[in-house]
Amino acid sequence: MPTHYTFKIQSFSLMSKHSLERYESEDFEAGGYKWKLAFYPNGNKSKNVKEHISLYLVLAGANGPQTCWEVYAAFRLFLLDQNNGKYLALQEEQKERCFHGIKLDWGFDQFLSQKAFTDTSNGFLVDDACVFGAEVFVRKERSTCKGECLSMIKDAVMYKHVWKIENLSKLDEESYDSETFIAGDQKWKIEFYPKGRDDGKDSHLSIDLALADPTSLYPTSKLYAQFTLRLVDPVYSSRHFEYGAKATWWFSASSPKRGWPKFITLGHFSDKSLGYLENDSTIVEAEVTVLGTASALE
């Protein structure tokens, strides 16, 4: 059974006076979903509509399906001719439309010309009042896909963390972690390998940037980050050591760290003339900018 819904607008002229570009009706239910009507008294400017009114049926977003669900519905939109008690009904040529998380509304950019709408002889606007309606019949729904949503971050902020490591000669563990720090709403840490790792073992110093708690991410979520790791010369900034240019990487629960097994040779690192090793301590600095996130569509 189709569901019928009507809504009445009184004091219509005040909508233009108060520059109300869009009006949404209250939610109504049809086929187990929440719907509403969206009305543009001066046309939908985002669609470059002029000299017409626009009217749409909208699957209410808060209660609508997620992106990978589709709801197929047939519908008609109405405008009451108050002079004759009849409705002007518009229905798209396509019998049904697919509503989903990316496309929540269907309807008519040019529902009716403003000239015809305001002509009192047509009965659509009487005593500054009008009545719109909808008939909605939900035919079917289905889950359609697996996918991913990428969100890039506008005006991403760079975060810096400085870690002073002391008593290097007494470090006998394979690796050491810095205190955690926050960048892009995530916890991070620097991993320091005083005798190297992998193909840098016993010949190089190894340094990585890592997620401090990768299990906090959903298995299908990823973070796109730009980062720099450097050894700091506390006296001459021009002699800071960085391995290549800024790096980028997709960090995730399955790939929680990125860095360099051969960051710097142990010989260069221990060369006191270079300034990286001073009084049995060194300073490691990380600059991290989270540029985007990716997560599964549901």
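1. A salt bridge here is a side-chain nitrogen of Lys or Arg within 4 Å of a carboxyl oxygen of Asp or Glu. Asp233 and Arg239 form one, with the closest N and O atoms 2.9 Å apart. Asp233 is buried at a relative accessible area of 3%, while Arg239 is partly exposed at 31%. The cut-offs for these words: buried is under 20% relative accessible area, exposed is over 50%, and partly exposed is in between (1.4 Å probe, protein chains only).

2. Basis of the values. This is a predicted model, in which local features need pLDDT of at least 70 and side-chain atom pairs count only at pLDDT 80 or more, whereas totals for chains, interfaces and linings use all residues. Residues are numbered from 1 along each chain as its sequence is written, and side-chain values use heavy atoms, with hydrogens and water left out.

3. Overall form. The chain has three helices and 21 strands. Helices (H or I, at least four residues) and strands (E, at least two) are DSSP runs, numbered from the N terminus. The radius of gyration is 31 Å, well over the 19 Å that the globule rule gives for 298 residues, so the chain is more spread out than a compact globule. That radius is taken over C-alpha atoms, and the rule is 2.2 Å times the number of residues to the power 0.38. The C-alpha trace spans about 95 × 40 × 25 Å along its principal axes.

4. Of the 298 residues in the chain, 42% are buried. Contact means heavy atoms within 4.5 Å. Among contacts in the chain with a separation of 6 or more, 67% come from residues 24 or more positions apart.

5. Other salt bridges. The search of the whole structure finds 19. One of them links Lys47 and Asp109, with the closest N and O atoms 3.5 Å apart. Lys47 lies in the loop between β4 (33–40) and β5 (52–59) and Asp109 in strand β9 (residues 105–113), so the pair ties together parts that are 62 residues apart in sequence. Both ends are partly exposed: Lys47 at 40% relative accessibility, Asp109 at 29%. The side chains of Glu29 and Lys34 also meet in a salt bridge, at 4.0 Å from N to O. Lys34 is partly exposed, at 33% relative accessibility.

6. Strand β8. This strand covers residues 97–100; Arg97 and Phe99 point one way, Cys98 and His100 the other, and all are buried. β8 pairs with strand β6 (residues 69–81) in the antiparallel sense, over four bridges. Two strands pair if DSSP finds at least two bridges between them. His100 in β8 is the bridge partner of Glu70.

7. Cysteines. A disulfide is a pair of cysteine sulfur atoms within 2.5 Å. A search of the whole structure finds zero. Cys98 counts as buried at 16% relative accessibility. Cys130 is buried as well, with a relative accessible area of 0%.

8. His161. This residue is in strand β12 (residues 158–165). At 14% relative accessibility, His161 counts as buried. Neighbours within four places in sequence aside, His161 is in contact with Ser178, Glu179, Phe181, Ile190, Val284, Glu285 and Ala286.

9. Tyr243. The loop between β18 (241–242) and β19 (247–252) holds Tyr243. Tyr243 is partly exposed, at 37% relative accessibility. Leaving aside neighbours within four places in sequence, Tyr243 is in contact with Leu229, Trp260, Lys262 and Phe263. From Tyr243 to Arg22 the C-alpha to C-alpha distance is 54 Å, and the two are 221 residues apart in sequence.

10. Ser16. Helix α1 (residues 13–17) contains Ser16. With a relative accessible area of 38%, Ser16 is partly exposed. Ser16 and Asn42 are 26 residues apart in sequence and 7.9 Å apart in space, C-alpha to C-alpha.
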